[in-house]
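This note is meant for a colleague meeting the structure for the first time. Please read the numbered points with the model in view.

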Amino acid sequence: LSPSLEAELADWRRKVLSQRESIAQSERERGELRSEVERLQQKVSSLTSERDRLSRGGAAKDAEDRTRELEAKFEALKEEKAEIESGLAQQKAEL
């Protein structure tokens, strides 16, 4: 090959190499962006859930619900205790 063709060929090889490097860099950046978008989507989902919880009354409502649940359990245990004490009193009377 003539020197001018050799030079042109070398120039095209440099251009091709440069394009390949640019493409590889773009692919890495797209991958990083996809990861960041996914992380942000998860954050948005989490914040949306928290917003919904707060709009329904938030922590105060959660505490009220838990208090009602515990009060119901307490009442059930008091009834069970009364039944046990009644049964014990009956057994003592029978002895």
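The points below take up the helices, a surface patch and the salt bridges in turn.

1. The structure is a predicted model, and the remarks that follow should be read accordingly.

2. Helix H1 covers residues 3–55, a run of 53 residues. At 1.5 Å a residue, H1 should span 78 Å, and the 76 Å between its end C-alpha atoms agrees with that expectation. The expected span is counted over one less than the number of residues. Just after H1, Gly57 adopts a positive phi of about 125°. Helix H2 takes in residues 58–94.

3. A nonpolar patch lies on the surface, formed by Leu1, Leu5 and Leu9. Together these three residues have about 300 Å² of accessible area. Leu5 belongs to helix H1. With a relative accessible area of 43%, Leu5 is partly exposed, because that class lies between the limits of 20% and 50%.

4. Side chains of opposite charge can pair when their charged atoms come close. Across the whole structure, a search finds 12 salt bridges. Among the residues concerned, Asp11, Arg14 and Lys15 are linked in a network of such bridges.

5. Within helix H1, Arg53 forms a salt bridge with Glu50. The closest N and O atoms of this pair are 3.0 Å apart, which is within the 4 Å cut-off for a salt bridge. Arg53 and Glu50 are three residues apart, about one turn of the helix. Arg53 is partly exposed at 23% relative accessibility, and Glu50 is likewise partly exposed, at 32%.

6. In helix H2, the side chains of Asp65 and Lys61 meet in a salt bridge, with an N to O distance of 3.2 Å. About one helical turn separates Asp65 from Lys61 because they are four residues apart in H2. Asp65 has a relative accessible area of 31% and is partly exposed; Lys61, at 34%, also counts as partly exposed.

7. How far apart are Lys73 and Glu69 along helix H2? They are four residues apart, so about one helical turn lies between them. Their side chains meet in a salt bridge at 3.8 Å, N to O, a value within the 4 Å cut-off. Lys73 counts as partly exposed at 47% relative accessibility. Glu69, at 38%, counts as partly exposed as well.

Note on methods:
Residues are numbered from 1 along each chain as its sequence is written. This is a predicted model: local features need pLDDT of at least 70, side-chain atom pairs count only at pLDDT 80 or more; totals for chains, interfaces and linings use all residues. Side-chain values use heavy atoms; hydrogens and water are left out. Helices (H or I, at least four residues) and strands (E, at least two) are DSSP runs, numbered from the N terminus. Patches are made of residues with over 30% relative accessible area and no salt bridge: like charges are joined within 9 Å, nonpolar side chains (Val, Leu, Ile, Met, Phe, Trp, Tyr) within 5 Å. Accessible areas come from the Shrake-Rupley method with a 1.4 Å probe; for residues, only the protein chains shown count as cover. Buried means under 20% relative accessible area, exposed over 50%, partly exposed in between (1.4 Å probe, protein chains only).
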